[in-house]
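Here is a short tour of one protein model. Have the 3D view ready and turn it as you read.

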Amino acid sequence: MRRSTWTVWTRSALVLVPAVLGAALVIAPIWRDTVRLEAFRERVLDLPLPPRTRSVYSTDRDVVFGPNLVGGSGSSCDYRVRLTLRTALTPQEIQRFYRNVSVAGAETRAEISLFFEDEEVAGGHRFVLEAYDSHDWDGDWRCA
């Protein structure tokens, strides 16, 4: 009786241990890249805003993670955070302000892009700040 119980546990372990290790190998990169994306989002949200600029469009935020977000071929993990802001400044003043602002990406400095919309009735401008970062594929199946 004792031998058969041991055999059942041994056989179960031979099946379960590789399955658990395999799942850990698949899930660990997903967790790592999710943490990277969240940290990147926080760094973008912590960027200083220009004077007379505010984030009044809190629902108009976009956080995206995936492969080759800007096109091209190859295996890369890309992160993009977009914020829509309102300002009383001109597009030139906004560009001047962000010219020297940088944000750390997952491995290197992220790129910051600005997109301007037409002038609004109240005299203010809406613009989109987009921060983009990318790194080579490192095991996360969502980037393959």
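Arg82 and Glu130 form a salt bridge, with their closest N and O atoms 2.5 Å apart. A salt bridge here is a side-chain nitrogen of Lys or Arg within 4 Å of a carboxyl oxygen of Asp or Glu. This pair links distant parts of the chain, since Arg82 is in strand 3 and Glu130 in strand 5, 48 residues apart. Arg82 is partly exposed, at 31% relative accessible area, whereas Glu130 counts as buried at 11%. Buried means under 20% relative accessible area, exposed over 50% and partly exposed in between (1.4 Å probe, protein chains only).

This is a predicted model, in which local features need pLDDT of at least 70 and side-chain atom pairs pLDDT 80 or more, while totals for chains, interfaces and linings use all residues. Residues are numbered from 1 along each chain as its sequence is written, and side-chain values use heavy atoms, leaving out hydrogens and water.

The structure holds six salt bridges, including these:

| Pair | N to O distance |
|---|---|
| Arg82 and Glu130 | 2.5 Å |
| Glu42 and Arg41 | 2.6 Å |
| Asp33 and Arg36 | 3.2 Å |

Asp33 and Arg36 both sit in helix 1, three residues apart, about one turn of the helix. Helices (H or I, at least four residues) and strands (E, at least two) are DSSP runs, numbered from the N terminus. Together with Arg32, Asp33 and Arg36 are linked in a network of salt bridges. Asp33 counts as buried because its relative accessibility is 0%.
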